[in-house]
Each structure stands twice: as structure tokens, then as C-alpha cells.
Amino acid sequence: MRATTSCSRALTSDAKIDYFGQAGRIRGRLLYVVAVPDKLRLDVVSPFGATISTLTSDGHDFSLFDLRQKQFLHGPANACNLGKFTHVPMPPAALVQLLRGEAPVLVHAPTAASIAWESGEYVVRIQSTRDATEEIHLQPLSQDYALPYAAQRVRVTEVRVLQQGIELYRAELVGHHPAKMSGPRLDPDSLDAPTPPSGPSCQAEVPGRLRLQVPDGDQDVILENVDVSHNPPLASKVFEQSPPGGVDVRYSPCAN
């Protein structure tokens with residue numbers, strides 16, 4: 001699984017997002033940039049092209065700007081704070097991995113994992129700490145079925161994480177396709193040298209659609225990639241933001 005996506009150090013996409021939950025149904029456009037292991041930027045854009053909400057995480061600090069509420073939240077980058085935006089309780093590193101087509105793996109002892117072949121795919125089951133369990137579904141690429149299992153490339157099709165028997169979230173990944181490689185960013189005034197891509201040449205598959213569900217809270221988020229690229233050039237502060245003037249700035253100590 002990790003070898004299949006190893007060339008992808010970062011990912012960017014112009015995507016569609018569809019949310020179902022307590023607030024009803026919300027649909028919109030999402031621009032995102034993520035980089036391993038846990039950096040991300042998510043911008044929600046209105047039909048008129050204005051950015052109405054931005055979430056950033058540099059792996060340590062979290063910030064969330066909401067234009068409609070005129071509010072800026074900041075605090076630790078963790079599952080609780082990320083959930084204020086995504087409505088799904090997962091840490092930034094887990095969302096980065098899922099967007100890249102890789103499953104986050106719970107910490108576990110080597111003897112606390114098993115793998116089985118079920119209905120045309122591998123199913124990995126993990127018993128982690130804190131009474132948590134995980135199930136990962138891996139489907140070999142059709143052209144790799146005849147290869148030894150260690151040489152097969154695989155697609156992650158489903159991830160389930162439970163704690164004390166309660167499902168925290170379920171991720172479904174479908175419509176896998178190779179993503180293009182980003183080129184360098186050029187200075188339109190030709191004053192600065194081109195900014196190179198953030199990783200090596202890569203055409204690894206990414207999921208065309210990622211669905212995140214929280215059954216206990218009746219939350220459902222569907223993200224559909226429209227134009228996705230590997231290893232985009234990264235600006236120095238793309239995963240940071242400062243509060244604009246005239247907004248209510250609050251610290252969110254949210255704990256996992």
C-alpha cells in the first residue's frame with residue numbers, strides 16, 4: 001500500500017464537496033493542498049469565486065477562518081479541531097493519507113494485526129491501543145492479480161475505525177485513476193527562479209471520490225476530485241494563515 005503511493009509527497013485538487021448532516025445538505029467547491037505527513041490547506045469557494053472558509057494545519061498549529069461568521073479559530077492540530085471543519089473526527093495526518101489513497105494505520109503490536117483474502121480483496125484487521133480497532137480493505141490492480149502478493153500494487157477501498165465497539169468513522173474510496181504530475185511554478189514577471197515541484201515524478205492512482213461517514217453522529221461528507229495533481233510547488237507559508245482584520249479571534253483548546 002505504502003509503496004504504491006510513495007512517490008506522492010503532496011497533492012492538490014480542485015474538488016467538489018457534498019455534506020449531509022445536522023446542518024442539512026451543503027454543496028460547494030473545495031480547493032485543497034496536502035503534504036505528508038500532516039500538513040493541509042482546505043479552501044471552500046463560493047459559486048462567485050470568493051473564499052468563504054479556510055482551514056490550515058502545519059502539523060502543529062490549526063487555524064480556521066469563517067467569513068460568514070467573521071470568526072477565526074486557532075489551536076492545536078488534532079482530530080477534534082479538524083472535525084470542526086470536516087465533521088469527521090480524524091487527525092490531519094489521517095486525512096492527508098486518505099486523500100492520497102493511503103490508509104492511516106493505527107499504532108499496534110506486530111502480533112495484533114491479521115490479513116485475510118475475502119471476496120476478491122485483502123482485509124487487514126488491527127487491534128490497537130485504547131480499545132481501538134481498524135479494518136482496511138485493499139484491492140490489487142487487475143493487471144497485478146497474477147503477480148506474487150508482495151509485488152502487487154493495491155488500492156485502498158475502505159477504512160473503518162472503531163473505539164470500544166463504536167464506529168468513529170468509515171472511509172470509502174472509489175473511482176481510482178492516475179493523477180498527473182505538477183510542473184514548476186513560474187514567476188509571471190520572470191523576476192524569481194521557478195519554484196520546483198515538491199516531489200519526484202509521480203502518476204500514482206488517487207481516489208476519484210472519497211466518502212467519509214460518522215454513523216453515530218449521522219454525518220456524511222463526499223469529496224469528488226475534479227482536477228488533481230501530484231507534488232505541486234509549495235509556497236513557504238501555504239499551510240499557515242493569520243486572522244484578517246475585523247474578525248473575532250478565538251483559541252480552541254479542543255482535546256482529542
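Predicted model: local features only at pLDDT ≥ 70, side-chain atom pairs only at ≥ 80, totals over all residues.

Helix H2 covers residues 79-86, and just after it comes His 87, whose phi is positive, at about 65°.

Is H2 mostly covered or mostly uncovered? The helix is mostly covered, since six of its eight residues are buried, a word that here stands for a relative accessible area under 20%. The buried residues of H2 are Ala 79, Asn 81, Leu 82, Gly 83, Phe 85 and Thr 86.

Rolling a probe the size of a water molecule over the atoms shows where empty space is left. The largest pocket has a volume of about 770 Å³, and of the 23 residues that line this pocket, those closest to its centre are Pro 91, Leu 106, Val 107, Arg 130 and Val 161. Helix H2 is one of the elements that give two or more residues to this lining, together with helix H3 and the strands S9 (132-140), S10 (154-163) and S11 (166-174). Sorted by class, the lining of the largest pocket holds 16 nonpolar residues, five polar ones and two charged ones.

The second largest pocket has a volume of about 600 Å³, and 28 residues line it, of which Ile 17, Ile 26, Val 44, Phe 85 and His 87 are the closest to its centre. Which element gives the most to the lining of the second largest pocket? That element is strand S2, residues 24-35, with five residues. The lining of this pocket comprises 18 nonpolar, five polar and five charged residues.

The last stop is helix H3, residues 92-99, where Gln 97 is found. Why is Gln 97 called buried? Its relative accessible area is 17%, and because the cut-off for buried is under 20%, Gln 97 falls within that class. Leaving aside residues up to four places away in sequence, Gln 97 touches Glu 102, Ala 103 and Pro 104. Between Gln 97 and Lys 16, which are 81 residues apart in sequence, the C-alpha to C-alpha distance is 19 Å.

Methods
Residues numbered from 1 in each chain as written. Heavy atoms only, no water. Helix = DSSP H or I, 4+ residues; strand = E, 2+ residues; numbered from the N terminus. Buried < 20%, exposed > 50% of the residue type's maximum accessible area, 1.4 Å probe, protein only. Contact = heavy atoms within 4.5 Å. 1 Å grid on protein atoms, 1.4 Å probe; cavity = no way out; pocket = protein on both sides within 12 Å on 5 of 7 lines; lining within 4 Å. Points joined across faces, edges and corners; volume = space filled by probe spheres on them. Nonpolar A, V, L, I, M, F, W, Y, C, P; charged D, E, K, R; others polar.
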